[in-house]
Amino acid sequence: MSVERLKKAIAEQQMKCPSCGKAIQEFDKYQEMASSVWDGAGDSNLETKGAKVTLICGNDGCAWKERTEFWQSFVD
Ligand SMILES: [Zn+2]
């Protein structure tokens, strides 16, 4: 998942605010993350990457926003 995917999801109103149910309008402070995961089974050194972002509802009358690294879960 990338910032392009996030922008597209917002532009196409695929992300829904869990508070008011309308499409999320904005995001802020997109930050890439990278971390290595050692699973203890020999050479399986897995690299996982993600991104953290602040999602902002932005609809009238709704002040919902959330800092999350699981923003993919908001995309249908
Ligand atoms: Zn909302």
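**Contacts and fold**

I looked up contacts first: in the protein chain, 50% of those with a separation of 6 or more join residues 24 or more positions apart. Two residues are in contact if their C-beta atoms, placed from the backbone, lie within 7 Å. The model is predicted, with local features needing pLDDT of at least 70 and side-chain atom pairs pLDDT 80 or more, while totals for chains, interfaces and linings use all residues. Residues are numbered from 1 along each chain as its sequence is written.

I then read the elements in order and got α-β-β-β, that is, one helix and three strands. Helices (H or I, at least four residues) and strands (E, at least two) are DSSP runs, numbered from the N terminus.

I checked burial: 13% of the 76 residues count as buried. A buried residue has 20 or more other C-beta atoms within 10 Å of its own, an exposed one 12 or fewer, and a partly exposed one falls in between, with C-beta atoms placed from the backbone.

**Helix**

Which residues of α1 are buried? I found L6, A9 and I10. They lie on the same side of α1 because they cover an arc of only 95° around the axis, taken from the directions from the helix axis to the C-beta atoms. E4, K7, K8 and A11 are exposed on the other side.
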